[in-house]
Amino acid sequence: ELRTFVLKYMKLTFTLLFIGISVSCIAQTDMQTNTHTTDKHAVEFGASLMLRTNDSTNSISQHIASINLQYMYQVNERSAIGIGTGLEYFNRGQNIEITQIPFYVQISKRLIKEASLCIDFKPGFILPIRGNYYDNLNKAVNYNHEDFFYAPYYEFGLSVKLGQRVKLRAMVRNQSTGVIYPTEERRSVFGIQLIFN
């Protein structure tokens, strides 16, 4: 049942991304044949690192490393909307490691029309697909699929263009810790992301 659920949403997401890439290619062809056409479509690749520090010791208590692919559509000069997915490694502390897939919608708004500074909101859904923890004997124990906690998340970001095809994004995300045992709670992580298009 879980495998069917995962495959269904992966197929849907990759189908939408394929449509986005196809539309982007068509738009690029139109742009080359007609100089008055503006490119409203973009496929972006991102790599990010997010951290959370322990409040009492200020040491890193968890981190998320991820890669993602997203399709963005430029609605007007200041607004864009898109969809995306990716693959994330989540070390949530307490000797727990989780591999998860995010599915999200991104809404971006340019703060000043002439500037390259954008603010964005990214609501999404986290799907943990694999995880393990280390017991008292330092032996890895795999989680069962019923141990995972599938939950929505949200993320806020502020991005600036570093070049024609590169952006740097600072962000904060609030998400579930992914598994019920030993705790299921929501935590905020902070990070940076490099985006290429």
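This is a predicted model: local features need pLDDT of at least 70, side-chain atom pairs count only at pLDDT 80 or more; totals for chains, interfaces and linings use all residues.
Let us begin with a term: a contact means that heavy atoms lie within 4.5 Å. With that in hand, consider Gln175, which touches Ile64, Phe90, Gln100, Ile126, Tyr153, Glu185, Arg186 and Arg187, leaving aside residues up to four places away in sequence.

Residues are numbered from 1 along each chain as its sequence is written, and side-chain values use heavy atoms, with hydrogens and water left out.

Now the overall picture. The protein chain contains 1 helix and 9 strands; helices (H or I, at least four residues) and strands (E, at least two) are DSSP runs, numbered from the N terminus. In order from the N terminus, the elements run α-β-β-β-β-β-β-β-β-β. Of the 197 residues in the protein chain, 36% are buried. Buried means under 20% relative accessible area, exposed means over 50%, and partly exposed lies in between, using a 1.4 Å probe and protein chains only. The protein chain exposes about 11500 Å², and carbon and sulfur atoms supply 61% of that area. Such areas come from the Shrake-Rupley method with a 1.4 Å probe; for residues, only the protein chains shown count as cover. Among contacts in the protein chain with a separation of 6 or more, 56% are between residues 24 or more positions apart.

Let me turn to the strands towards the end of the chain. How many bridges join S7 to strand S8? There are 8, and the two strands run antiparallel. Two strands pair if DSSP finds at least two bridges between them. A hairpin of 4 residues joins S7 to S8, and Gly157 has Met171 in S8 as its bridge partner. Strand S8 (residues 166-176) is also joined to strand S9 (residues 186-196) by 11 bridges, again in an antiparallel arrangement. Here Val166 stands opposite Phe196 in S9.

Is Gln175 buried or exposed? Gln175 is buried, because its relative accessible area is 2%. Its side chain makes a polar contact with the side chain of Gln100 at 3.5 Å, and another polar contact, of 2.8 Å, joins the side chains of Gln175 and Arg173. A polar contact is a pair of N or O atoms within 3.5 Å; within protein, one must be able to donate a hydrogen and the other to accept it, and residues adjacent in sequence count only if both atoms are side-chain atoms. Arg173 also lies over the face of Tyr153, at 4.5 Å from the ring centre. A charge sits over a ring if NZ of Lys or CZ of Arg is within 6 Å of the ring centre and within 35 degrees of the ring normal. In a second case, the charged end of Lys122 sits over the ring of Tyr104, 4.3 Å from its centre.

Next, the aromatic residues. The structure holds 4 aromatic pairs. Rings of Phe, Tyr and Trp (its six-membered ring) pair if their centres lie within 6.5 Å; planes under 30 degrees apart count as stacked, over 60 as edge-to-face and the rest as tilted. The rings of Tyr133 and Tyr143 have centres 5.1 Å apart and planes at 50 degrees, so this pair is tilted. Tyr133 is in strand S5 (residues 117-134), whereas Tyr143 is in the loop between strand S6 (140-142) and strand S7 (151-161), 10 residues apart. Tyr143 is buried, because its relative accessibility is 9%. Elsewhere, ring pairs link Phe121, Tyr154 and Phe156 into a cluster.

The loop between S5 and S6 holds Asn138. Most residues other than glycine have a negative phi. Asn138, although not a glycine, has a positive phi of about 60 degrees. With a relative accessible area of 60%, Asn138 is exposed.

Finally, two residues that touch each other. Ser108, in strand S4 (residues 96-110), is buried at 11% relative accessibility. Its side chain is joined to that of Gln106 by a polar contact of 3.1 Å. Among the residues that Ser108 touches are Met72, Ile119 and Asp120. Met72 belongs to strand S2 (residues 60-74) and is buried, with a relative accessible area of 6%. Its contacts include Lys40, His41, Gln106 and Ser108. Met72 and Gly84 are 12 residues apart in sequence and 8.6 Å apart in space, C-alpha to C-alpha.
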